[in-house]
Amino acid sequence: MEEKDLVIIGGGPAGLCAAISARKKGIDVLIIDENLRPGGQLFKQIHRFFGSKEHMAGVRGFVIGEKLLKEVKELGVEVWLNSIAYGIFKDKVIGVIKDGKNILVKAKSIIISTGATENPLSFPNWTLPGVMGAGACQTMINIHRVLPGKKVLMIGSGNVGLIVSYQLLQAGAEVVGVVEIMPKIGGYLVHAAKIKRFGVPIYLSTTILEGVGKEEIEGAIICPVDENFKPIIKKKKYIEVDLICIAVGLTPLNELLYQAGCLFTYKGYLGGMVALHNENMETTVENIFVAGDCSGIEEASTAMEEGKLAGISVAEKIRGKKWEDEKDQIRKRLDDFRIGTFGEKRKLSKEEIVREYYERVKTW
Amino acid sequence: MKELKLGEKTYLNKISFPSFERIKKGSVAIIECIEDIPCNPCETICKFGAIKVGFPITSLPILDEEKCTGCGKCIPICPGLAIFVLNYNFSEKDCLLTIPYEFLPLPKEGEKVKCLDRDGKYICEGKIVKVIQPERNNMTALVSFAFPKKYYNKVRSFKK
């Protein structure tokens, strides 16, 4: 059986940053990723990121991805692609299907940075071709350069829905509308303004009733809702579309953390059930760490900082050293990002997670 | 169906919109950023110190209209594509608006376009005056287009 100091499961922004930070502190690192290229969602992020200079603000996501991959390569981090980590067993043995073969890897420490999965939304005919997650659509247009539809209806006005709508315009599609069930948009107004000024309507207090079509989506019926979110059926309207994109949030992808025996808590603002962790990103199972969206849905910018924090914390334990100053700077950058109307609730939820970690670890 | 509308009132009294006296003096930045997003590259890039975000970085950018030269460096760095530069004195009749433009094919200088407001509604005819290629600004083109002065606070976009 192969033995490693640190195995990172998931080579997205959190995993790559964790690998770089740990490798720089002299730790042998293996990244396991199920895709053919690491980088997670970064390579489909063709827009510029928010933040400050330290967060690489104003830089496009895929440019950050290229920079991280270069660094990972230069530092000699081992990366297994096309490899699925399917289980974490006793004594941190990880089961991996690598290029179709079953391999067991034993790790001193594990960082789980598996990201998130898109939430589905069911309505009549949602299983027809022409209904897909906004993230899937974004992968198709920005990575594979395939336009999955010409006339698109976007369900959900969070940042994903708004950004993907803009990128669909860039890819040459017509976005016939964004539908939002709440009375106001979920994402940033600047992202809404970007599509509004090219004529994309954003319907508030509106929902989708059904997809229309026989073999594939040919249209959709949308309908305003009352204050109790009940559709006002007599006001329903048919619109012709060939693609319905679903952007109704993300859920942390945390099966491996469950399997490893980590304790969980429910945090609605972070997308659902998340593993408890301390201020070093260590879960309730010693030497299993968590970082990025699988520890609570946020953004690539925070995922990268959490990854760094986890990577340094692993190095501290293995090397028996302390890098408190460096960790404090990372925590400060995380705090800088978790403020304002959009960030404050996530910050409070994250603080609760750490508090609950200590309460539960004590009584466990 | 209820629609999100982004008329002038959305931004009224919420942004540090340059005074009309300053606008009449020539090129100046217009920053339509009214939410507490943690973001400050506009402040970092301005070498004249004309944009202040300060601490915390969720503060709204404040424009010092006297320091702003309308150079436009802040346009392509804004992740929200929320900064424009207005030259009210472009000609006797027309003002000139420079916007970040991320669509292909790029318009050609001299091309006639339809000017749109913040909701994408047609306002008037306009003409492309200048196109700065995307390579210069990390893949964001800057497009300057002219239209009648009276729409200086209405027009924010165009279509071919």
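**View 1. The two domains of chain A.** The centres of domain 1 and domain 2 of chain A, taken over C-alpha atoms, are separated by 31 Å in this predicted model. Domain 1 of chain A comprises 2–117 + 250–363, and domain 2 comprises 120–246, with bounds that come from an automatic or database domain assignment. Between them, 4 residues of domain 1 of chain A are in contact with 6 residues of domain 2 of chain A, where contact means that C-beta atoms, placed from the backbone, lie within 7 Å. The side of domain 1 of chain A that touches domain 2 of chain A has 2 nonpolar, 1 polar and 1 charged residues; Ala, Val, Leu, Ile, Met, Phe, Trp, Tyr, Cys and Pro count as nonpolar, Asp, Glu, Lys and Arg as charged, and the others, Gly among them, as polar.

Residues are numbered from 1 along each chain as its sequence is written, and chains are lettered from A in the order in which they are written. Because the model is predicted, local features need pLDDT of at least 70 and side-chain atom pairs count only at pLDDT 80 or more, whereas totals for chains, interfaces and linings use all residues.

**View 2. Helix α4 of chain A.** Helix α4 of chain A, residues 159–170, has 12 residues and reaches 16 Å from its first C-alpha to its last, close to the 16 Å expected at 1.5 Å a residue. In α4(A), 10 of the 12 residues are buried, that is, 20 or more other C-beta atoms lie within 10 Å of their own; among them are A:Val160, A:Leu162 and A:Tyr166. These buried residues pack against α3 (134–142), β9 (151–155), β10 (174–179), α5 and β15 (243–246) of chain A. After α4(A) comes A:Gly172, whose phi is positive, near 100°.

**View 3. An open sheet in chain A.** In chain A, 5 strands form an open sheet with parallel pairing, in the order β8-β15-β9-β10-β11, where strands pair if DSSP finds at least two bridges between them. The edge strands β8 (131–133) and β11 of chain A each pair on one side only. Between β8(A) and β15(A) there are 3 bridges, and A:Val131 has A:Ile244 of β15(A) as its bridge partner.

**View 4. The contact between chains A and B.** Chain A contributes 38 residues and chain B 33 residues to the contact. On the side of chain A that touches chain B, the largest share, 6 residues, comes from α5(A). The predictor gives the complex an ipTM of 0.96 and a pTM of 0.96.

Key
Contact = placed C-beta atoms within 7 Å. Helix = DSSP H or I, 4+ residues; strand = E, 2+ residues; numbered from the N terminus. Expected span 1.5 Å × (residues − 1).
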